[in-house]
Amino acid sequence: MRRILQTEGNPLFVFKLQRRSMCNFKSEKQKHDELVAHYDASFASITEEIDLIKEKFSIMLKKDDALKSIGMENTNELGVQMLKYNEKNALPANLTKEELTEMRWYQRFLSAYNNVDEYERYYENAFDYFPTHVLTAGEPDKFKMFRWGLVPFWQKDEAKAMKDRLNTVNCIHEEMWEKPSFRDAIKNGQRCLIPVTGFYEWRWLDEAGTIKIPYYITFRDQKVRSMAGLYSRWKNPQNGEYYYSYTLLTCPANTIMEYVHNAKKRMPVFIDKENEKAWLNRDLKKDDIMDLCKPYQDPSMRAYTISKMLTTRGINLNVPEVRAPFSYNDSIQQANEFLLRGDRKKAIAVFKESMNASADVSKVEDEKLKLAAAQGVKDELVMA
């Protein structure tokens, strides 16, 4: 499966969050029957929830003739039309900006379900809060739709709950027994499995993460793997509705991730297939839980550089091209040559053009810019 991520709203705010927590992007693409076979679990409850979202989307589409004529089944074409509506003075009179934002969310979510028997999410951003399927210790034989970013059950304020979930996308597994946001979930046996076939991470070329290169980390056999997580059920005190959410556990990096995630050297916790049922056993002891949270040493794991398409706004990111291989070494060499000739301006332009420069590269100190430009990167890494 392939999961990833992107959000509406202030991109600078999002980029700051991305620097604080690793693995904000996952990738997933798998046939339902393969998932059912792997986990011996049912998709029935997921189908029901998707149908409800489709019904809400269908009602809203009827408000605009252009969108209605395209039809709900053509999600990519709908996305193109909605992006046109985002242009200045292009919003139709019968749709508000808030309604268009809501419809765009529906469209992006449903774009993963164009095929009846396949879930196809190449790019899922933790800050989209898409419902995604997980397996829980509460009902290990049924896939459930939870949102990424855990809201603890004891949270009383809706606004604070929605804001704080930005900080609970990931959980350092060594701290889960003490951190207020996670300790109840782990003590109550609320563990979950998150099916994936890959995830995305950045290698920093400077210490602030201003100049960074995206990698896609996946597996040569393309079979599903299980990330480990914790989950929660929170009751909204304002409307009485339940909000189901999860956090992804992290552990120290293996040899591949030490190179890729060179800022913090962490990686998601993966659970081997032989231990998946044990992870969902609510009676599992603390020592056994901690023993399962180890760096993943799967020999089929690989990582390779991809283009900055991942962080390009205003385009459809739910496409296979988002994870296509891309080399940065020519650009890095070119930037270095400009610096050696004393042309800082052109060197900065090369960095901004070729890679994810999420901050103002022009503010990077000369020596640090030279260090970034003087280093090459490994286009592909494999487990030893």
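**Entry 1: P214**

I looked up P214 and found it in strand β8, residues 211-219; helices (H or I, at least four residues) and strands (E, at least two) are DSSP runs, numbered from the N terminus. The model is a predicted one, in which local features need pLDDT of at least 70 and side-chain atom pairs count only at pLDDT 80 or more, while totals for chains, interfaces and linings use all residues. Residues are numbered from 1 along each chain as its sequence is written, and side-chain values use heavy atoms, with hydrogens and water left out.

P214 counts as buried because its relative accessibility is 1%. Buried means under 20% relative accessible area, exposed over 50%, and partly exposed in between, with a 1.4 Å probe and protein chains only. I then asked which residues P214 is in contact with, leaving aside its neighbours within four places in sequence. They are E201, W202, Y304, T305, I306, S307, K308, L310 and Y328; contact means heavy atoms within 4.5 Å. From P214 to S307 the C-alpha distance is 7.0 Å, although 93 residues separate the two in sequence.

**Entry 2: R302**

I next turned to R302, which is found in strand β13, residues 301-305. Its side chain and that of E380 are joined by a polar contact of 2.9 Å. A polar contact is a pair of N or O atoms within 3.5 Å; within protein, one must be able to donate a hydrogen and the other to accept it, and residues adjacent in sequence count only if both atoms are side-chain atoms. With neighbours within four places in sequence left aside, R302 is in contact with Y216, I217, T218, R220, I256, E380, L381 and V382.

**Entry 3: M267**

M267 is buried, its relative accessible area being 0%. The C-alpha atoms of M267 and I256 lie 9.6 Å apart, and the two residues are eleven apart along the chain.

**Entry 4: Two helices**

I listed the buried residues of helix α5 (residues 75-85): T75, L78, G79, Q81, M82 and Y85. Viewed down the axis of α5, they fall within an arc of 165°, so they line one face of the helix. The arc is that of the directions from the helix axis to the C-beta atoms. I asked which elements the buried residues of α5 pack against. These are α3 (44-61), α4 (65-70) and α6 (97-110).

In helix α14 (residues 366-374), the buried residues are L369, A372 and A373. They are on the same side of α14 because they cover an arc of only 95° around the axis. The exposed residues E367, L371 and A374 are carried on the face of α14 turned away from its buried side. The cover over the buried residues of α14 includes β8, α12 (329-340) and α13 (344-354).

**Entry 5: The largest pocket**

I recorded a volume of about 980 Å³ for the largest pocket. On a 1 Å grid over the protein atoms alone, a pocket is an open set of points where a 1.4 Å probe fits, with protein on both sides within 12 Å along at least five of seven lines; lining residues have an atom within 4 Å of a point. Grid points are joined across faces, edges and corners, and a volume is the space filled by probe spheres set on the points.

The largest pocket is lined by 28 residues, and E49, R147, Y242, Y243 and Y244 are those nearest its centre. Two or more lining residues come from each of α3, α6, β4 (143-148), α7 (158-164), β9 (225-235) and β10 (242-252). I asked which element gives the largest share of the lining. That element is α3, with six residues.

**Entry 6: Two loop residues with positive phi**

Most residues other than glycine have a negative phi. I noted that phi of Y129 is positive, near 60°. Y129 is in the loop between β2 (118-125) and β3 (132-136), and it counts as buried at 11% relative accessibility. Phi of Q222 is also positive, near 55°. Q222 lies in the loop between β8 and β9, and it counts as partly exposed at 27% relative accessibility.

**Entry 7: The whole protein**

Of its 384 residues, 54% count as buried.
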